[in-house]
Amino acid sequence: MGLKLALQSDSGFASIESVATPGAAVAFLNAHSETDVAVVDISLESETDGLTLLGILREAFPSVKTLVLSHYKTPAYILKAISSGASAYLAKDSAPVSSSGASAYLAKDSAPVSIVEAIADVADGKSLFFGETIDADRITCLFGGRENLLSRKPQGLTPRELEVLQLTTSGYSNSQIASALEITLNTVDSYKERIKGKFGLDSIVECVASAVKSGLVSV
């Protein structure tokens, strides 16, 4: 709501609307084909996650530019966002993903004027990653090229599933994961079952080994 108010206070935007779910986003865009930019949060509570939604929007509404606004700085998410057609990724952190000298991220909770400016840039056809205007192809090169980008895609994992996988890799027990993420032990087990299903492997240990090898998580 705060972001919506900030955008409404800017005379450069003709119309601002917000929706709560991916399904509502698709329904809205079906009814408003003139929409220029969709701001997508990675963490969505129902139906699907924001990264999946990006792919849906790219296929169904190719004229709508997408900007990701997130607390997550995971390289796999940024790569997935780029490969799904996002024009910008604004993440909460002051340290850049790569050591290439790229400037700091804009934060999800940064000054509204910064986010407003970023949305305006995207509407003008610019790409914004690492807090500056950079072409998506250049960002892809920073991560070792498109082949490496595709090899590091997060197996369709949701942000929470990737958190569980990273904590498992870091040696957290199920009870420690449940405590850290404020979820139940049964929920941890459910996430691990989903992770195994998405990797097509029989054990979480095999999933960890595969994820470490591909750079999806770090030890």
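Reader: Hi! Quick one to start: is E182 buried or exposed?

Author: Hello! E182 counts as exposed, at 74% relative accessibility. Buried here means under 20% relative accessible area, exposed over 50%, and partly exposed in between, using a 1.4 Å probe and protein chains only.

Reader: Thanks. And what should I know about the model itself?

Author: This is a predicted model, where local features need pLDDT of at least 70 and side-chain atom pairs count only at pLDDT 80 or more, while totals for chains, interfaces and linings use all residues. Residues are numbered from 1 along each chain as its sequence is written, and side-chain values use heavy atoms, with hydrogens and water left out.

Reader: Good. Back to E182: where does it sit, and what is its phi?

Author: E182 is in the loop between α9 and α10. Its phi is positive, about 60°, although E182 is not a glycine. For context, most residues other than glycine have a negative phi.

Reader: How many helices and strands does the chain have?

Author: There are 11 helices and five strands. Helices (H or I, at least four residues) and strands (E, at least two) are DSSP runs, numbered from the N terminus.

Reader: How do α9 and α10 cross, then?

Author: Their axes come within 9 Å and cross at roughly 105°, so α9 and α10 are roughly perpendicular to each other. Axes are lines fitted to C-alpha atoms, for helices over the stretch in contact, and angles run from 0 to 180 degrees between N-to-C directions. Under 35 degrees counts as roughly parallel, over 145 as roughly antiparallel, 65 to 115 as roughly perpendicular, and the rest as oblique.

Reader: Which residues make that contact?

Author: On the α9 side they are N174, S175, I177 and A178, and on the α10 side L185, V188, D189 and K192. Contact means heavy atoms within 4.5 Å. By type, the residues split into four nonpolar, two polar and two charged. In that scheme Ala, Val, Leu, Ile, Met, Phe, Trp, Tyr, Cys and Pro count as nonpolar, Asp, Glu, Lys and Arg as charged, and the others, Gly among them, as polar.

Reader: Nice. What about α8 and α11: at what angle do they pack?

Author: About 95°, with the axes of α8 (residues 159-169) and α11 (residues 204-214) 10 Å apart. L165, T168 and T169 from α8 meet I204, C207, V208, A211 and V212 from α11. Those residues divide into six nonpolar, two polar and no charged.

Reader: Why call α8 largely enclosed?

Author: Because eight of its 11 residues are buried. Among them are P159, E161, L162 and V164. Just after α8, G171 takes a positive phi of about 95°.

Reader: Changing topic: how many residues are in the largest nonpolar core?

Author: It has 37, and Y89, L165, I195 and F199 are those with the most contacts inside it. The elements giving two or more residues to this core include β1, α8, α10 and α11. Another core, of 14 residues, lies apart from it, with A88, L90, V122 and L128 among its members. A nonpolar core is a set of buried Ala, Val, Leu, Ile, Met, Phe, Trp, Tyr and Cys residues joined through side-chain atoms within 4.5 Å.

Reader: Which residues does S84 touch?

Author: Leaving out residues up to four places away in sequence, S84 touches L51, L54, G55 and R58. S84 is in the loop between α4 and β3 and counts as buried at 5% relative accessibility.

Reader: Last one: what does V219 touch?

Author: T169 and V212, again not counting residues up to four places away in sequence. V219 lies in the segment after α11 and counts as exposed, at 82% relative accessibility.
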